[in-house]
Amino acid sequence: MVFIITLSVYVFILTTGIQLSFSTKDDTDIIQALMEKLRVLEEKFAKLENECKQSTLRIEEINKNDNQRRMLLPNIDTTQTVAFSAYLSKSFDGSTFGTLREIVYDKLESNIGHAYNNYTGTFVAPVAGVYAFTWSIYVEGRPDGSGDQGEIAIELVVNAKVVGITHADTESIHDDDSATGFVIKSLSAGESVLTRSSNVFTPQGHIMSGNGRARWTFSGWLIA
C-alpha cells in the first residue's frame with residue numbers, strides 16, 4: 001500500500017517536473033525538495049509498517065502461549081468459594097477410642113460452600129481444584145485408668161489413601177504435647193477428605209480438646 005501511493009506521487013512529480021522543465025530554477029529546487037521529503041516519508045512509512053508486522057507477530061505468539069497454558073489448567077469454577085474450619089468440642093480417652101476411627105469435628109467456625117459434614121467429619125470436594133488442608137491435635141500429660149500418658153497419631157485420608165500424618169506423645173505428668181499437619185492436594189469433584197486415628201501408634205491416655213486450653217481443629221479451602 002505504501003509503495004503504490006509513493007510510486008503514484010513520484011510519477012506525478014516526475015510528470016510535473018517534465019512540464020516544468022522550462023520553468024525557473026526555483027521551481028526545480030522546489031521539486032527536488034519535495035522529492036527529498038517524499039523519500040524521507042517513504043522510509044518512515046516502511047519502518048512503521050515493519051514495526052506493525054513485528055507487533056502483530058508478538059501478539060500472535062502471546063495468544064498462542066496463553067492458549068497452551070489454559071489447555072494445561074484443570075476446569076475450575078473460579079467463581080465458587082470453598083472453605084471450612086471445625087473443631088472438636090470434647091476431650092476423650094485414647095485407650096477406648098481405638099485405631100482407624102474417623103475424627104468428627106463437631107463444631108463449625110465456618111463452612112463456606114457446605115462441603116464439610118460436622119456429623120461425619122468428612123469433607124467432599126464440590127469442584128475440582130487444588131485444596132489446602134490443615135489439622136491440629138493435642139494430648140495431655142495426665143494418665144488414664146491404665147496409667148498411660150496421652151499419645152495418638154492422626155492421618156489425613158483422601159479416598160481411603162493416607163496423604164499425611166501427625167503424632168503427639170507425652171511421657172510424663174503435665175508434659176502436654178501437640179502437632180499440626182498441612183497438605184496441599186489436587187482433588188476431583190466428589191473426592192472425600194477426612195482425618196482418622198492411625199494404627200501406627202495405639203491411642204492412649206487423655207486426648208484433650210475444647211476445654212479452654214486447647215482444641216483439635218480441621219480446616220480446608222480451595223486455593224486454585
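Trainee: Let me start with a side chain. Which residue does the side chain of T195 join by a polar contact?
Mentor: Y105. The polar contact between the two side chains is 3.0 Å. Keep in mind that this is a predicted model.

Trainee: Where does T195 lie?
Mentor: In strand β10, which covers residues 192-197.

Trainee: Buried or exposed? I mean T195.
Mentor: Buried. Its relative accessibility is 0%, and the cut-off for buried is under 20%.

Trainee: So what is T195 in contact with?
Mentor: Leaving aside neighbours within four places in sequence, the list is R101, E102, I103, Y105, W135, I154, E155, L156 and F218.

Trainee: New topic. How many residues has the largest nonpolar core?
Mentor: It has 34. Those with the most contacts inside it are F123, Y131, F133, W216 and F218.

Trainee: Which elements give two or more residues to this core?
Mentor: β1 (83-87), β6 (129-140), β7 (151-158), β9 (177-187) and β12 (217-222).

Trainee: And which gives the most?
Mentor: β6, with six residues.

Trainee: Take F133, then. What is F133 in contact with?
Mentor: Again, neighbours within four places in sequence are left aside. F133 is in contact with F84, F123, L156, G181, F182, V183, L187, V193, F218, S219 and G220.

Trainee: Back to β6. Why is β6 described as largely enclosed?
Mentor: Because 11 of its 12 residues are buried, the rest of the structure largely encloses β6.

Trainee: How many bridges join β6 to β9?
Mentor: There are 11, and the two strands run antiparallel. One example is S136, whose bridge partner in β9 is T180.

Trainee: What about β6 and β12?
Mentor: Those two are antiparallel as well, over six bridges. A132 has W221 in β12 as its bridge partner.

Trainee: And β6 with β11?
Mentor: Two bridges there, antiparallel again. β11 is residues 206-207. I207 in β11 stands opposite V139.

Trainee: Let's switch to rings. How many aromatic pairs are there in the whole structure?
Mentor: A search finds 12. In one of them, the ring centres of F84 and F218 are 5.1 Å apart. Their planes are at 80°, so that pair is edge-to-face.

Trainee: Where do F84 and F218 sit in the chain?
Mentor: F84 is in strand β1 and F218 is in strand β12. They are 134 residues apart, so the pair links distant parts of the chain. Both residues are buried.

Trainee: What kind of pair do F182 and W221 form?
Mentor: A tilted one. The distance is 6.3 Å centre to centre, with 45° between the planes. F182 lies in strand β9 and W221 in strand β12, so this pair ties together parts 39 residues apart in sequence.

Trainee: How accessible is W221?
Mentor: W221 is partly exposed, at 32% relative accessibility.

Trainee: Which residues do ring pairs link into a cluster?
Mentor: F84, Y105, Y116, F123, Y131, F133 and F218.

Trainee: Last one. Which ring does the charged end of R215 sit over?
Mentor: The ring of Y87, at 3.6 Å from its centre. There is also R101, which lies over the face of F97, 4.3 Å from the ring centre. R101 is among the contacts of T195 too.

Note on methods. Residues numbered from 1 in each chain as written. Predicted model: local features only at pLDDT ≥ 70, side-chain atom pairs only at ≥ 80, totals over all residues. Heavy atoms only, no water. Core = buried A, V, L, I, M, F, W, Y, C linked by side-chain atoms within 4.5 Å. Buried < 20%, exposed > 50% of the residue type's maximum accessible area, 1.4 Å probe, protein only. Helix = DSSP H or I, 4+ residues; strand = E, 2+ residues; numbered from the N terminus. Contact = heavy atoms within 4.5 Å. Polar contact = N/O pair within 3.5 Å; in protein donor to acceptor, adjacent residues only side chain to side chain. Phe/Tyr/Trp six-rings, centres within 6.5 Å; stacked < 30°, edge-to-face > 60°. Lys NZ or Arg CZ within 6 Å of the ring centre and 35° of its normal. Pairing = 2+ DSSP bridges.
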